[in-house]
Amino acid sequence: MFSIDYDHVTVNKIKVKDRDVYIIDNFYKYPERIVDYLKKQNFKREEDNYYPGDRLYIHPEEKRMHLDAFRNFMEGIGYKNGWVKNPREWKASNFVISKYNPFYRKKLPNGQAANANPHIDARPNKIYNSLVGLCYLTKDIHGGTGLYRHKKMDIYCFNEELTKQPDIMPRLFPYWDYRLINKSCEHFELMKLLPMKWNRLVLYDGDILHSMYIEDPEFYKIHERITTNYFVSVYKNKVT
């Protein structure tokens, strides 16, 4: 079901600051099957995160097989970072299907409104990072994914040293009330918008400040935003 469409896939690797970002079109061979499968399953409702909505966790063996195929594909297009495959060594890689639901939007565990600020998907560490991203599986197109720079602190990624600074979290994530991060604003510069497109996979380093990009808060009260989501653990400096 999650077969990669090797015959029709197109890869565009771009630079955002000093980082490689991938925009991969026609990624899945059978994207409609994934959507049909999703709609027949029971979801896990998740409200208190940056992507509030319904989550479908893939069977472990099917997930393992697809992540192996994903890693091989990435190596084939020139991705060099080494893969962390042992979950006892570092955070286990994951692959899920998500359906955004704006009505689930609530506060994060720290009391901050979800999607008020960009976020990261990699635990700060000198050795490890995550290759993260999502494949858009909706034909109602709106927005995409934004990569951001914190203007005052002049940073676009998070590292272990930053966590040692006093009061880093309120300074890094200054918005607490409900809002949708999208265009450049008082505190954040939109470095790059990765536009949504049917069956498009976008990938970037998980320590980069990023967010779901939605300009019209009413759009997804009517239309669906379905994605597959990748969180794949990698070494920062060890290459294949």
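Two strands count as paired if DSSP finds at least two bridges between them. In this predicted model, the bridge partner of H150 in β9 is F188. The views below begin with that pairing.

**Figure 1. Strand β8 pairs with β9.** Strand β8 covers residues 144-150 and runs antiparallel to β9. Seven bridges join β8 and β9. Strands in a sheet are held together by backbone hydrogen bonds, in a parallel or antiparallel arrangement.

**Figure 2. An open sheet of three strands.** The strand order is β9-β8-β11, and the pairing is antiparallel. β9 (188-195) and β11 (210-213) are the edge strands, each pairing on one side only. From one strand to the next, the twist averages 30°.

**Figure 3. T145 in strand β8.** T145 lies in β8. Its relative accessibility is 3%, under the 20% cut-off, so T145 counts as buried. The T145 side chain makes a polar contact with the side chain of Y136, at 2.7 Å. Beyond its neighbours within four places in sequence, T145 is in contact with L134, Y136, K192, L193, L194, V202, Y204, S211, Y213 and R225.

**Figure 4. L194 in strand β9.** L194 belongs to β9. Is L194 buried or exposed? Its relative accessibility is 0%, so L194 counts as buried. L194 and T145 are 49 residues apart in sequence, yet their C-alpha atoms are 5.1 Å apart in space. Residues up to four places away in sequence aside, L194 touches I14, V21, I23, Y136, G144, T145, L147, V202 and Y204. I14 and V21, both on that list, meet again in the next view.

Figure 5. Strands β1 (residues 10-16) and β2 (residues 19-25) pair in the antiparallel sense. Seven bridges connect β1 and β2. I14 stands opposite V21 in β2. Two residues separate the strands of this hairpin. Which residue takes a positive phi in the hairpin? K17 does, with a value near 55°.

**Figure 6. R200 in strand β10.** R200 sits in β10, which spans residues 200-205. Its relative accessible area is 13%, under the 20% cut-off, so R200 is buried. The side chains of R200 and D25 make a polar contact at 2.6 Å. Leaving out neighbours within four places in sequence, R200 is in contact with I23, I24, D25, L134, C135, Y136 and P195. Y136 also lies among the contacts of T145 and of L194.

**Figure 7. The whole chain, for orientation.** The protein chain has three helices and twelve strands. Its C-alpha atoms fill a box of roughly 45 × 45 × 30 Å along the principal axes. A compact globule of 240 residues would have a radius of gyration near 18 Å, so the 17 Å of this chain agrees with that rule. Buried residues make up 52% of the 240 residues. Of the contacts with a separation of 6 or more, 82% join residues 24 or more positions apart. The chain exposes about 11,800 Å². Carbon and sulfur atoms supply 48% of that area.

Conventions. Residues are numbered from 1 along each chain as its sequence is written. This is a predicted model: local features need pLDDT of at least 70, side-chain atom pairs count only at pLDDT 80 or more; totals for chains, interfaces and linings use all residues. Side-chain values use heavy atoms; hydrogens and water are left out. Helices (H or I, at least four residues) and strands (E, at least two) are DSSP runs, numbered from the N terminus. Axes are lines fitted to C-alpha atoms, for helices over the stretch in contact, and angles run from 0 to 180 degrees between N-to-C directions. Buried means under 20% relative accessible area, exposed over 50%, partly exposed in between (1.4 Å probe, protein chains only). A polar contact is a pair of N or O atoms within 3.5 Å; within protein, one must be able to donate a hydrogen and the other to accept it, and residues adjacent in sequence count only if both atoms are side-chain atoms. Contact means heavy atoms within 4.5 Å. The radius of gyration is taken over C-alpha atoms; the globule rule is 2.2 Å times the number of residues to the power 0.38. Accessible areas come from the Shrake-Rupley method with a 1.4 Å probe; for residues, only the protein chains shown count as cover.
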